[in-house]
Amino acid sequence: MKRVCAVLLALVLTCGCLAGCSGGGIGPEGISLEEYEQISTGMSSYAVDDIVGGGGEKIGETKDGAVFTYTYKYQGENSGYAIIVYGADYSEGSIGVRQEVISMENHDLT
């Protein structure tokens, strides 16, 4: 009996962990139009993650000297998606570098 309970508990915990991993890192429902409208250029990636409930899927990265750009796709709650591009300057002497929103695109979020 103890063995059956242990197996069932392990199964429940495994299913719970896998269910929590779905969604590409964003909140349980994706990004809503209302959340998208709260985001603005200059905002940190941490602030965006707080609004959306997690990070999006990284779909691109470029480097131009010490300046990096990172492109993320956020699936919409109902339909569509958002593209958010972050920039970070890692030039010599930069202290406390953070990724900041440099552009955003709404692709049919509702």
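Which residue lies over the face of Tyr 81, and at what distance from the ring centre?

1. Lys 73 lies over the face of Tyr 81, at 4.4 Å from the ring centre; a charge is taken to sit over a ring if NZ of Lys or CZ of Arg is within 6 Å of the ring centre and within 35 degrees of the ring normal.

2. On the basis of these notes, this is a predicted model, in which local features need pLDDT of at least 70 and side-chain atom pairs count only at pLDDT 80 or more, while totals for chains, interfaces and linings use all residues. Residues are numbered from 1 along each chain as its sequence is written, and side-chain values use heavy atoms, with hydrogens and water left out.

3. The protein chain has three helices and four strands, arranged along the sequence as α-α-α-β-β-β-β; helices (H or I, at least four residues) and strands (E, at least two) are DSSP runs, numbered from the N terminus. Of its 110 residues, 29% are buried, where buried means under 20% relative accessible area, exposed over 50%, and partly exposed in between (1.4 Å probe, protein chains only).

4. The structure holds three aromatic pairs, a pair being rings of Phe, Tyr and Trp (its six-membered ring) whose centres lie within 6.5 Å, with planes under 30 degrees apart counted as stacked, over 60 as edge-to-face and the rest as tilted. One of them joins Phe 68 and Tyr 70 in a stacked arrangement, 6.1 Å centre to centre with 10° between the planes. Phe 68 also pairs edge-to-face with Tyr 90, at 5.2 Å centre to centre and 85° between the planes. That pair links distant parts of the chain, since Phe 68 belongs to strand E2 (residues 67–75) and Tyr 90 to the loop between strand E3 (81–89) and strand E4 (100–107), 22 residues apart. Phe 68 is buried at 17% relative accessibility, as is Tyr 70 at 8%, whereas Tyr 90 is partly exposed at 40%.

5. A search of the whole structure finds two salt bridges, each defined as a side-chain nitrogen of Lys or Arg within 4 Å of a carboxyl oxygen of Asp or Glu. Glu 61 pairs with Lys 58, their closest N and O atoms being 2.7 Å apart, and Arg 98 meets Glu 100 at 3.0 Å, N to O.

6. Ser 44, in the loop between helix H2 (33–38) and helix H3 (45–52), is buried, with a relative accessible area of 9%. Not counting residues up to four places away in sequence, Ser 44 touches Arg 98, Gln 99 and Glu 100, contact meaning heavy atoms within 4.5 Å.
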